[in-house]
Amino acid sequence: MKFTKTAALVGAATLMLAACSGGGEDSGGDGGGAATGTGPIEIWLSNNEAEIAWGEAVVEAWNAENPDQEVTAQEIPAGSSSEEAITAAITAGTAPCLVYNIATAAVSGWVQQGGLVDLSTFDDGASYIEERGGDSTAAYQSDGGYYQLPWKSNPVMVMYNKDLFEQAGLDPENPEMSTHADFLDGARQIVDSGVESAIWPSPTNEFYQPWFDFYPLYLAETGGTQLVEDGAATFDNEAGAAVADFWSTIYTEGLAPREAATDDAMVSGTTAMQLAGPWAIASYGDSVDVGFMPVPTTGGSEDVVTFADSKNVSLFTACENQATAWEFLKFSTSADSDGQLLEATGQMPMRTDLAGTYPDYFEANPMYAAFADQTERVADVPSIPNSVEAWQVFRESYSSAVIFGNTTIEEFLSGSAEEITGLVG
């Protein structure tokens with residue numbers, strides 16, 4: 001579910017693409033006449049088994065109704081990551097029409113390369129996206145256009161092992177850990193009860209790791225302020241310091257390890273908590289009795305905003321039949337198709353009134369209802385230039401100060417904020 005790519009590889013590929021401009025017929029726009037083309041198209045799906053089954057069913061239904069505009073689907077080609085495979089395809093001019101696994105952080109670079117179609121150029125493009133997704137869709141624009149359709153989210157919450165909570169003397173049905181102070185007290189109880197770690201975020205240096213430790217809590221603390229807004233870093237402030245201090249205490253007191261887990265720490269019982277999305281319900285349902293609670297804030301907010309961890313859909317300029325691709329994209333993100341996605345994967349379609357649209361599903365699957373409610377209060381990574389490089393700067397400075405204590409939190413906040421503002425401004 002996570003964005004798996006090193007900054008060095010992505011940065012190098014972005015520079016290469018900017019030089020090559022390998023974006024199909026018209027690397028700076030929508031592929032010229034391809035915008036009105038109809039006929040066969042190819043789409044790529046993630047390698048998630050449930051998503052593949054969903055995609056194959058949607059393709060079969062479309063093809064039965066549109067035999068002259070046949071869709072073929074395949075998994076994203078193997079590589080170090082989805083992003084590497086997509087980047088290579090843009091370079092070669094062999095990208096498919098649609099990819100159903102786009103991470104927001106990659107979009108700005110691909111827009112700069114001319115590899116993506118602005119969906120707003122279709123007559124009903126902006127209206128369809130905004131009616132489906134509501135006001136939150138504006139955050140997914142780049143250079144004033146929709147180069148991605150916000151598709152599905154995995155809102156990040158605190159997943160916890162109910163048995164280990166009970167063992168530590170915490171109420172597994174109502175842990176009362178909504179404030180930073182209460183969360184730390186609960187974490188100490190867990191470790192004192194004999195569990196190796198209270199929570200185990202990955203301490204590794206990949207640029208996307210802040211999305212699963214610092215960033216959800218920062219969004220919660222600020223009510224949804226993104227890491228960068230209006231061309232400047234936002235986190236060198238009281239809220240950023242509060243979140244950094246929280247995580248620094250976690251590491252300093254030994255409540256989380258400073259090394260990566262060698263197995264699934266939730267399954268092995270070596271940690272009581274992780275930050276996770278609704279995908280975790282199916283992943284752990286047979287092995288761990290899990291509960292979920294919102295990420296904490298200093299004051300214990302009732303309406304917590306968290307990281308959306310969205311995956312989206314983009315249309316590529318190499319596509320020769322973009323009109324068909326757009327119609328299929330709408331077909332595959334209709335209320336019916338979104339309902340099938342929810343049933344198949346447990347991931348949350350990014351549409352308004354999710355719980356009200358699929359009440360039967362959430363009544364039958366009550367554990368997912370908390371995530372449906374949380375989808376109303378999410379934010380994503382900002383759509384900014386040099387996104388990967390900016391997040392890498394953040395991660396390296398955060399790791400030095402917060403995880404390993406080699407520099408001060410003040411140096412981390414001020415230094416990385418200044419550098420990131422320089423990268424994106």
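In which hand does H2 pass H13 at their crossing? I started my notes with that, bearing in mind that this is a predicted model.

**Entry 1: the H2/H13 pair**

I looked up the crossing, and H2 passes H13 in a right-handed one. For the geometry, I found that the axes of helix H2 (residues 49-65) and H13 come within 9 Å and cross at roughly 150 degrees. Angles over 145 degrees count as roughly antiparallel, so H2 is roughly antiparallel to H13. Then I listed who makes the contact: Ala-50, Glu-51, Trp-54 and Val-58 on the H2 side, and Ser-337, Gln-340, Leu-341, Ala-344 and Thr-345 on the H13 side.

**Entry 2: Thr-345**

Thr-345 lies in helix H13, which covers residues 335-345. Is Thr-345 buried or exposed? I got a relative accessible area of 13% for Thr-345, and the cut-off for buried is under 20%, so I put Thr-345 down as buried.

Next I checked the polar atoms of its side chain. One lies 2.8 Å from the backbone oxygen of Leu-341. On the other count, I noted the backbone nitrogen of Gln-347 at 3.1 Å from a polar atom of the Thr-345 side chain. Leaving aside residues up to four places away in sequence, Thr-345 touches Ala-50 and Glu-51, and both of these belong to H2.

**Entry 3: the disulfide**

How many disulfides are there? My count came to 1. The disulfide joins Cys-97 to Cys-319, with S to S at 2.1 Å. The pair links distant parts of the chain, 222 residues apart. I placed Cys-97 in the loop between helix H3 (82-92) and strand E3 (98-102), and Cys-319 in the loop between strand E12 (311-315) and helix H12 (322-332).

I also read off the torsion about the S-S bond of Cys-97 and Cys-319: about 80 degrees, so the disulfide is right-handed. Cys-97 is buried at 7% relative accessible area, and Cys-319 counts as buried at 2%.

**Entry 4: helix H8**

Last stop was helix H8 (residues 214-222), which is mostly covered, with 7 of its 9 residues buried. I wrote the buried ones down as Phe-214, Tyr-215, Pro-216, Leu-217, Tyr-218, Leu-219 and Ala-220. What do the buried residues of H8 pack against? I found several partners, among them helix H7 (180-192), helix H9 (238-252), strand E9 (271-276) and helix H17 (387-403). Just after H8, I noted that Gly-223 takes a positive phi of about 75 degrees.

Conventions. Residues are numbered from 1 along each chain as its sequence is written. This is a predicted model: local features need pLDDT of at least 70, side-chain atom pairs count only at pLDDT 80 or more; totals for chains, interfaces and linings use all residues. Side-chain values use heavy atoms; hydrogens and water are left out. Helices (H or I, at least four residues) and strands (E, at least two) are DSSP runs, numbered from the N terminus. Buried means under 20% relative accessible area, exposed over 50%, partly exposed in between (1.4 Å probe, protein chains only). A polar contact is a pair of N or O atoms within 3.5 Å; within protein, one must be able to donate a hydrogen and the other to accept it, and residues adjacent in sequence count only if both atoms are side-chain atoms. Contact means heavy atoms within 4.5 Å. A disulfide is a pair of cysteine sulfur atoms within 2.5 Å. Axes are lines fitted to C-alpha atoms, for helices over the stretch in contact, and angles run from 0 to 180 degrees between N-to-C directions. Angles under 35 degrees count as roughly parallel, over 145 as roughly antiparallel, 65 to 115 as roughly perpendicular and the rest as oblique. A crossing is left-handed if the near helix is turned anticlockwise from the far one by less than a right angle, and right-handed if clockwise.
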